Amino acid sequence: MSVATSYEFLDKVIRATPDGKQIRKCLQCGACSGVCPYGFAMDYPPRSLIAALRADDWHGVLESDTIWLCVSCFACASVCPSRIPLTRGLLATLKTEMLVGGSIPAELQAALGNSRRYGNALGESPKKRADWAKDFTVPVPVMATHKEPVEVLWFVGDYGSYHPRVQQVTRALAKVLYVLDVDFGILGPEENSDGDTQAFTGEWGLFELLARKNITAMNKYTFREILTADPHAYNALKHEYPRLGFVRPVKHHTQYLVEHFDRIRPLLQNRGPQRVTYHDPCYLGRANDNNIYDEPRQLLRAIPGLEFVEMSHNRALSICCGGGGGGMWLDGFSWEKAHTRTTEWRIKEALAVGADVLAVACPYETPRFEDAVKSTGNEGKLAVKDVVELLAESMFG
Amino acid sequence: MDIVVLMKFVPDLVEDLEIDGSTGLLERSFLRLIPNELDEHALEEALLLKDRCGGVVSVLTLDFGDVDEALFTALAKGADRAIKLTGEGFDQGPSNQRIAGAFSRALGDLRFDLILTGTQAVDDLDGFVGGLVADRLELPYVGYVTKVTPADGELIVHKEYPGGLNAEIEVTRPAVLGIQAAEKPPRYVVTSKVMEAMKTRKIEEIALGEVATELEVPVAAMALPESGSHAQMIEGDAQQVAEKIVTLLRERGIVA
């Protein structure tokens with residue numbers, strides 16, 4: 001299973017990755033390493049990694065543990081002139097080799113172990129996955145008890161289900177869906193982690209285990225499309241689940257809400273002036289050319305009283321929040337290696353353009369950026385809110 | 001060095017525990033069972049020893065319920081044999097006396113130089129499995145062990161005492177050791193290796209039937225912990241707080 005030489009490894013990347021053979025076309029231009037948010041702290045940022053593999057320095061590559069700084073943000077892959085699938089192919093495959101060899105930071109091990117045992121990275125009880133909807137003002141049908149087909153199957157995701165801060169985003173979306181009279185249901189305890197981030201830690205076996213559980217659950221029910229507020233779930237459902245034979249239309253909540261724009265707009269009220277900037281999540285934008293850049297901006301600009309400003313890094317140049325590729329579960333490790341956090345750079349950018357609110361659209365981002373507001377000593381100066389929270393505030397006050 | 005790891009399964013405290021009103025015992029129908037955390041450390045220590053000295057690592061457990069996945073995981077991590085003991089009532093939360101009885105009976109037919117198990121578990125109501133097994137097999141036992149080093153037919157074991165005190169103890173082989181922590185955190189094994197083990201490896205079964213114990217500690221009733229009265233916060237500056245504490249201690253007869 002594990003490979004013994006650089007050449008075997010390159011061969012594995014080529015065989016296991018769509019367009020993997022592009023790796024033969026690396027020009028050693030270094031654009032990847034330059035754009036990598038953690039490249040400065042890695043022993044082998046992507047360009048050097050390919051050079052080392054070509055020189056057959058497999059031992060050196062395996063000796064280094066800084067591959068775990070890779071946050072699978074697709075920055076490298078998106079600038080590569082040879083279109084090498086660096087993130088999903090080269091880097092995630094190296095992580096697999098590290099996992100197979102037993103080289104894994106303890107914090108990441110806990111998240112992967114939790115995912116395998118409980119179906120969520122947080123290690124929470126699977127039975128409590130829908131507890132966020134208990135005693136909530138808006139009815140949230142759970143498919144197992146709903147017994148009827150729905151228009152929209154809402155894939156809530158781990159953090160949306162369990163994380164206290166992200167539950168607020170989930171509830172805001174539930175309220176908006178209810179007001180729009182959307183016929184929706186959730187899987188509740190039958191839902192497992194989408195597995196996307198676990199896959200990008202190199203744990204593809206775990207991804208498949210989780211994905212197959214979700215596919216079995218989803219195939220029990222009748223629905224027209226899938227909705228999710230989680231770009232990682234969106235990416236997995238759109239690009240990875242079809243490889244396992246599950247092909248269903250999936251929309252990110254910002255896409256879905258733009259489709260209902262005509263009905264949302266009359267509900268939006270001016271609740272006072274606010275200057276808002278927007279952080280593009282990697283998995284809505286760069287990853288797999290998902291290119292969902294305009295929809296969140298369109299929603300934000302529609303809010304009366306809202307002044308929209310761009311940060312210097314926007315759209316495809318967005319700086320990762322550091323949560324992808326396992327970064328969500330490697331905070332201690334990354335700090336130890338890099339002594340900086342990408343979230344903190346982002347908070348400074350948002351403040352530099354005079355924003356009162358940093359709008360986000362990924363469940364990793366609300367808690368991560370809120371922490372960074374505090375750790376940079378800017379508590380009270382910048383709020384972090386999901387796009388749907390801002391819409392709900394404008395609608396309901 | 002051939003090592004047997006004794007693995008016990010305990011209720012997962014991630015789920016809310018319930019007491020069955022009719023029996024006064026733990027409601028078992030919805031219970032999730034997981035390997036005792038310290039038994040996983042015992043397995044890790046066994047695998048580290050195997051890396052250093054060779055030998056066969058066998059994992060022994062009772063058919064507590066849903067144990068197969070954990071056994072395949074142990075095989076994927078590097079264990080050589082996984083053995084499941086079947087018997088009456090093993091899935092009904094057997095006492096440690098009964099568990100030790102079952103382990104001891106099976107160990108009579110196994111070759112080993114060392115037996116490792118977790119030093120304790122969350123559901124120990126009647127002693128610790130390691131000590132009980134050692135007593136039945138008339139073997140030496142050391143608990144709270146954090147390191148095992150083989151030396152000249154013996155073992156040097158590190159034992160932790162409260163208060164930061166450590167001891168190095170020479171133990172003759174074979175022996176039973178209760179592991180407090182392995183030298184490294186238990187290893188992670190990728191899911192694909194566990195799946196492969198499920199396809200290619202076998203779990204051995206030994207049928208024990210009924211395991212009688214002379215010493216069964218009856219459990220009269222169990223109860224969920226109740227929160228007591230809340231702590232009283234004493235407000236004020238240092239002088240005022242000190243005076244209030246002295247008054248309280250006098251009132252309660254703790255100081256004259």
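Trainee: How many residue pairs are in polar contact between chain B and chain A?

Mentor: Good place to begin. This is a predicted model, and the count between chain B and chain A comes to twelve residue pairs in polar contact, both partners being at pLDDT 80 or more. On the side of chain B that touches chain A, the elements giving two or more residues are strand E3 (33–35) and helix H5 (191–200) of chain B. H5(B) provides the largest share of that side, five residues.

Trainee: And how do the residues on that side of chain B divide into nonpolar, polar and charged?

Mentor: There are ten nonpolar, three polar and seven charged residues on the side of chain B that touches chain A. As for contacts in general, 20 residues of chain B meet 20 residues of chain A.

Trainee: What area do chain B and chain A bury between them?

Mentor: About 1700 Å², with 52% of it on carbon and sulfur atoms. In chain B, the residues that lose the most area to chain A are B:Val14, B:Tyr188 and B:Thr191, which together make up 36% of what that side buries.

Trainee: How many salt bridges does the rule find across this interface?

Mentor: Three salt bridges across the interface of chain B and chain A.

Trainee: Before I read on, what scores does the model have?

Mentor: The ipTM is 0.92 and the pTM is 0.93. For chain B the average pLDDT is 94, and 100% of its residues score at least 70.

Trainee: Let me try a single residue, then. Where is B:Pro186 found?

Mentor: Look in the loop between strand E10 (175–179) and H5 of chain B. To judge burial, compare the relative accessible area with a cut-off: under 20% is buried. B:Pro186 has 16% relative accessibility, so this proline counts as buried. Leaving out residues up to four places away in sequence, B:Pro186 touches A:Gln109 as well as B:Glu40, B:His41, B:Glu44 and B:Lys77.

Trainee: Is B:Asn96 buried or exposed?

Mentor: B:Asn96 counts as buried because its relative accessibility is 2%. This residue sits in helix H3 (residues 96–107) of chain B. Beyond residues up to four places away in sequence, the residues that B:Asn96 touches include B:Lys8, B:Asp124, B:Asp126 and B:Phe128.

Trainee: Now one from chain A. Which residues does A:Thr170 touch, not counting residues up to four places away in sequence?

Mentor: A:Thr170 touches A:Trp132, A:Trp154, A:Val156 and A:Gly160 on that count. The threonine is in helix H10 (residues 164–179) of chain A. With 6% relative accessibility, A:Thr170 counts as buried.

Trainee: Back to salt bridges. How many are found over all chains?

Mentor: The search of the whole structure finds 43. Take A:Glu208 and A:Arg212, whose side chains meet in a salt bridge at 3.1 Å, N to O. Both lie in helix H12 (residues 204–219) of chain A, four residues apart, about one turn of the helix. A:Glu208 is partly exposed at 33% relative accessible area, and A:Arg212 is partly exposed at 41%.

Trainee: Which parts does the salt bridge of B:Arg52 and B:Glu183 tie together?

Mentor: Their side chains meet at 2.7 Å, N to O. B:Arg52 lies in helix H1 (residues 37–53) of chain B and B:Glu183 in the loop between E10 and H5 of chain B, so the pair links parts 131 residues apart in sequence. B:Arg52 is partly exposed at 46%, and B:Glu183 is partly exposed at 30%.

Trainee: How far apart are the closest N and O atoms of B:Glu205 and B:Lys84?

Mentor: They are 3.7 Å apart in this salt bridge. B:Glu205 belongs to strand E11 (residues 204–209) and B:Lys84 to strand E5 (residues 81–87), both of chain B, so the pair ties together parts 121 residues apart in sequence. B:Glu205 is exposed, with a relative accessible area of 53%, whereas B:Lys84 counts as buried at 7%.

Trainee: Which residues are joined into one network by salt bridges that share partners?

Mentor: A:Glu151, A:Arg224, A:Glu225, A:Lys251 and A:Glu259 are joined in that way.

Key:
Residues numbered from 1 in each chain as written. Chains lettered and ligands numbered in written order. Heavy atoms only, no water. pLDDT = per-residue confidence, 0-100. Contact = heavy atoms within 4.5 Å. Buried area = accessible area lost by both parts, 1.4 Å probe. Salt bridge = Lys/Arg side-chain N within 4 Å of Asp/Glu carboxyl O. Polar contact = N/O pair within 3.5 Å; in protein donor to acceptor, adjacent residues only side chain to side chain. Nonpolar A, V, L, I, M, F, W, Y, C, P; charged D, E, K, R; others polar. Buried < 20%, exposed > 50% of the residue type's maximum accessible area, 1.4 Å probe, protein only.
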